[in-house]
Amino acid sequence: NGWPGACPGCDIDAKANYSYYLSGGIPTALLLNAGATKAAAQAAIATAADGLVSNDCLIIDYSSHGTLVPDLDGDEADATGQDSAICMYDGIWVDDDFLLFLKSVVEPGVIVRIGSDCCHSEGNFRGFMRSVQQSVSFGWWGQIPRFELHTREDLPFAITQMAGCKKLNYSFGDYDGGTFTMTRIANTTGFWKSWFDATKAKMPANQTPVWVESGPVNDEIRNAPIFPKGK
């Protein structure tokens, strides 16, 4: 509708995360503005995931617009009737597709860490809960669909997410960066769950971050050091 879609401060957030992870010796790729297309993000994530094995860590941080779209396949368990989606530079990336992509490039046992500074970010990586497959033909009844239920924990790898806000709420920011990202960077603790807790404690009342888990997450994963060897 004629609006260019600018999201002030996203590049500030990305650069802050980039510098933080580099400071701990973690190889990090940076995608900004027109370079942050869906295809470019998929290529960067696939490259980062390549060669990772059980207990290795894949970190994905993004700052952008987030949106809600109609849940066309009825797989959302929260009764909102809406899928979450990340707004990439060239279009949206719906939660169903995001998780399917992760499953195509992440090996079993790898730990995926997601930081999401966008509106509607809670759990916006894990849309689908079930798949539909056609069963064999049953005579004149024809093809009968078979529904296979899959819980969000039915994953071969663990995912933890620091989400900037609840699914139906908003993340705020301006030209000096996103409130969630800037608060995170200012309150690092060296360990994943305590980093989130310290950040949440410092957030303003109009925005509530959420810690989200999927797959085989345990206390060892929650309390693991962010940088190798606890640096």
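View 1. Tryptophan 195 is buried, with a relative accessible area of 0%. Buried means under 20% relative accessible area, exposed over 50%, and partly exposed in between (1.4 Å probe, protein chains only). The model is predicted: local features need pLDDT of at least 70, side-chain atom pairs count only at pLDDT 80 or more, and totals for chains, interfaces and linings use all residues. Numbering starts from 1 along each chain as its sequence is written, and side-chain values use heavy atoms, with hydrogens and water left out. Tryptophan 192 is also buried, at 4% relative accessible area. Both tryptophans lie in helix α5 (residues 192-202), three residues apart, so about one helical turn separates them. Helices (H or I, at least four residues) and strands (E, at least two) are DSSP runs, numbered from the N terminus.

View 2. Rings of Phe, Tyr and Trp (its six-membered ring) pair if their centres lie within 6.5 Å; planes under 30 degrees apart count as stacked, over 60 as edge-to-face and the rest as tilted. The count comes to seven aromatic pairs. Tryptophan 192 and tryptophan 195 have ring centres 5.8 Å apart and planes at 45 degrees, so this pair is tilted. Ring pairs join Tyr20, Tyr21, Trp192, Trp195 and Phe227 into a cluster. The charged end of arginine 184 sits over the ring of tryptophan 195, 4.6 Å from its centre. Likewise, the charged end of lysine 193 sits over the ring of tryptophan 211, at 5.6 Å from its centre. The rule is NZ of Lys or CZ of Arg within 6 Å of the ring centre and within 35 degrees of the ring normal.

**View 3. The four-stranded sheet.** This open sheet has the strand order β1-β5-β8-β11, with mixed pairing. Two strands pair if DSSP finds at least two bridges between them. At the edges stand β1 (57-63) and β11 (210-214); each has a single partner strand, so one side of each lacks a neighbour in the sheet. Neighbouring strands are turned by 15 degrees against each other on average, direction ignored. Helix α1 (residues 10-23) packs on the sheet, touching β1 and β5, and its direction makes about 155 degrees with that of β1. Axes are lines fitted to C-alpha atoms, for helices over the stretch in contact; angles run from 0 to 180 degrees between N-to-C directions. Contact means heavy atoms within 4.5 Å.

**View 4. Strand β5 and its two partners.** β1 and β5 run parallel, joined by seven bridges. Isoleucine 60 has isoleucine 114 in β5 as its bridge partner. On the β8 side, β5 (residues 111-117) and β8 (residues 158-163) pair in the parallel sense over six bridges. Valine 112 is partnered by isoleucine 159 in β8, and serine 116 stands opposite alanine 163 in β8. In a regular strand the side chains alternate between the two faces of the sheet. From β5, Ile111, Arg113, Gly115 and Asp117 point one way and Val112, Ile114 and Ser116 the other; all are buried.

**View 5. Two nonpolar cores.** A nonpolar core is a set of buried Ala, Val, Leu, Ile, Met, Phe, Trp, Tyr and Cys residues joined through side-chain atoms within 4.5 Å. The largest has 27 residues, of which Leu58, Leu102 and Ile159 touch the most other members. Its largest share, five residues, comes from α3. A second, separate core of 13 residues includes Tyr20, Trp195, Ala224 and Phe227.
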